[in-house]
Amino acid sequence: MEERKTIFDYLGQVFMIYGISMTIMCIFGIWFGEEAQDISKMFSLGQEGLSIEIMIQFLAISFLVVSFQSLFFSEHIIKKMSVIARTIWMVISIIFVIVVFILMFDWFPADMWEPWAMFLLCFGVCFLISISVMVIKERMENKKMEEALERLKRKEEER
Amino acid sequence: MKIEINIDERIEDTHIKISCKTLTPEIEKVLAAIRMLDKQLVVTKGEETILLDVYQVVYIEAVDRKTFVYTRQDVYETTFRLYELEQQLEDCGFFRASKSCIIQLKFVKSLKTDLNRRIRVTLENGEQIIVSRQYAELLKERLGVK
């Protein structure tokens with residue numbers, strides 16, 4: 001039977017992104033929470049941890065990221081679009097939403113270039129890592145399928 | 001309709017004989033099914049009826065309740081439904097690619113993963129066919145990569 005995406009698949013992805021981002025935020029908090037405490041609402045508790053407010057905002061971001069992913073990679077909603085175009089639109093939407101959250105919830109001062117640079121750098125690195133993992137995984141899977149195809153073809157010929 | 005089966009150990013080659021007043025579509029269907037046992041597919045092209053070796057078939061597609069058989073050079077039509085052909089041809093190296101298509105493995109040039117866990121099949125003639133997610137899982141199982 002066709003494997004249909006359920007609400008649990010959706011929630012699974014949301015909590016995976018949420019879990020990873022929370023882990024990274026905790027590490028950042030331990031590293032420079034005290035220094036960033038005065039300028040960033042994200043680290044308002046310093047090295048103590050993250051506030052509930054920030055945790056809820058990150059949860060909302062996680063929901064939105066998975067929603068964009070589902071939207072741009074669903075062929076029921078967007079029928080004809082290349083994978084590259086889908087990825088670009090998804091990244092633009094995610095950046096847009098994060099920027100809105102930064103400005104709306106004062107994650108860091110909007111007039112300072114350093115946090116923006118850091119944000120773009122972190123986003124870029126995370127994006128590159130996830131794309132690289134995806135490409136490597138796809139190449140490995142394709143190679144495995146090609147090898148299996150040749151094996152099966154040989155087997156069929158022998159019959 | 002009478003059916004007569006004569007089992008005799010001395011008979012070396014199986015011989016099937018059909019006696020009828022006229023060749024009805026039902027009898028033609030029976031004949032086509034018997035031909036299939038010999039790996040031959042009864043197909044039509046225009047007014048012409050042809051016996052096609054199944055190993056020449058690249059893929060078979062169902063469009064608007066009609067079933068089309070594609071070889072390297074030609075396209076034929078058959079009275080068989082796709083599900084009937086799928087059952088008959090599974091042992092000949094065919095696999096289901098989607099609700100409307102079955103493909104012969106030996107004509108597959110490459111397999112690539114596609115969007116939403118589907119598989120993009122490139123045939124030897126360069127034609128590309130998408131294996132739907134439902135059948136991609138079955139194909140992976142058959143390939144032994146799942």
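Which residue in β7(B) is the bridge partner of Phe94(B)? In this predicted model the partner turns out to be Gln104(B). Local features here need pLDDT of at least 70 and side-chain atom pairs count only at pLDDT 80 or more, while totals for chains, interfaces and linings use all residues of the predicted model. Residues are numbered from 1 along each chain as its sequence is written, and chains are lettered from A and ligands numbered from 1 in the order in which they are written.

First, the overall make-up of the two chains. Chain B carries three helices and 10 strands, where helices (H or I, at least four residues) and strands (E, at least two) are DSSP runs numbered from the N terminus. Its elements come in the order α-β-β-β-β-β-α-β-β-β-β-β-α along the sequence. Chain A, on the other hand, has four helices and zero strands, giving α-α-α-α. Buried residues (20 or more other C-beta atoms within 10 Å of their own, with C-beta atoms placed from the backbone; 12 or fewer is exposed, in between is partly exposed) make up 25% of the 146 residues in chain B. For chain A, 7% of the 159 residues count as buried. As for contacts (C-beta atoms, placed from the backbone, within 7 Å), 34% of those in chain B between residues at least 6 apart in sequence join residues at least 24 apart. In chain A, residues 24 or more positions apart account for 55% of the contacts with a separation of 6 or more.

Back to Phe94(B), which sits in strand β6 (residues 94-98) of chain B. Phe94(B) is buried, with 21 other C-beta atoms within 10 Å. Leaving out residues up to four places away in sequence, Phe94(B) touches Glu86(B), Leu89(B), Ile102(B), Ile103(B) and Gln104(B). Between Phe94(B) and Ile60(B), 34 residues apart along the chain, the C-alpha separation is 9.5 Å. The strand as a whole is largely enclosed by the rest of the structure, because four of the five residues of β6(B) are buried. β6(B) pairs with β7(B) in the antiparallel sense over four bridges; pairing here takes at least two DSSP bridges between two strands. These two strands form a hairpin with two residues between them.

β7(B), residues 101-104, also runs antiparallel to strand β3 (residues 57-63) of chain B, with three bridges joining the two. One of the pairs involved is Tyr59(B) with Ile103(B) in β7(B). β3(B) is also joined by six bridges to β4(B), residues 66-71, again running antiparallel. Here Ala62(B) has Thr67(B) as its bridge partner in β4(B). β3(B) and β4(B) make a hairpin with two residues between them, and Asp64(B) in the turn has a positive phi of about 50°.

A separate heading goes to the open sheet of three strands, ordered β8-β9-β10 in chain B, with antiparallel pairing. β8 and β10 (128-131) of chain B stand at the edges with a single partner strand each, so one side of each is left without a neighbour in the sheet. Neighbouring strands of this sheet are turned by 25° against each other on average, direction ignored; the axes behind such angles are lines fitted to C-alpha atoms (for helices, over the stretch in contact), and angles run from 0 to 180 degrees between N-to-C directions. β8(B) and β9(B), residues 119-123, pair over five antiparallel bridges, with Arg120(B) in β9(B) as the bridge partner of Lys112(B).

Next comes the inside. Ala97(B) touches residues including Val121(B), Ile129(B) and Tyr135(B), not counting residues up to four places away in sequence.

Finally, the contact between the chains takes 15 residues from chain B and 16 residues from chain A. On the side of chain B that touches chain A, the largest share, five residues, comes from β8(B).

Definitions and conventions: Two residues are in contact if their C-beta atoms, placed from the backbone, lie within 7 Å.
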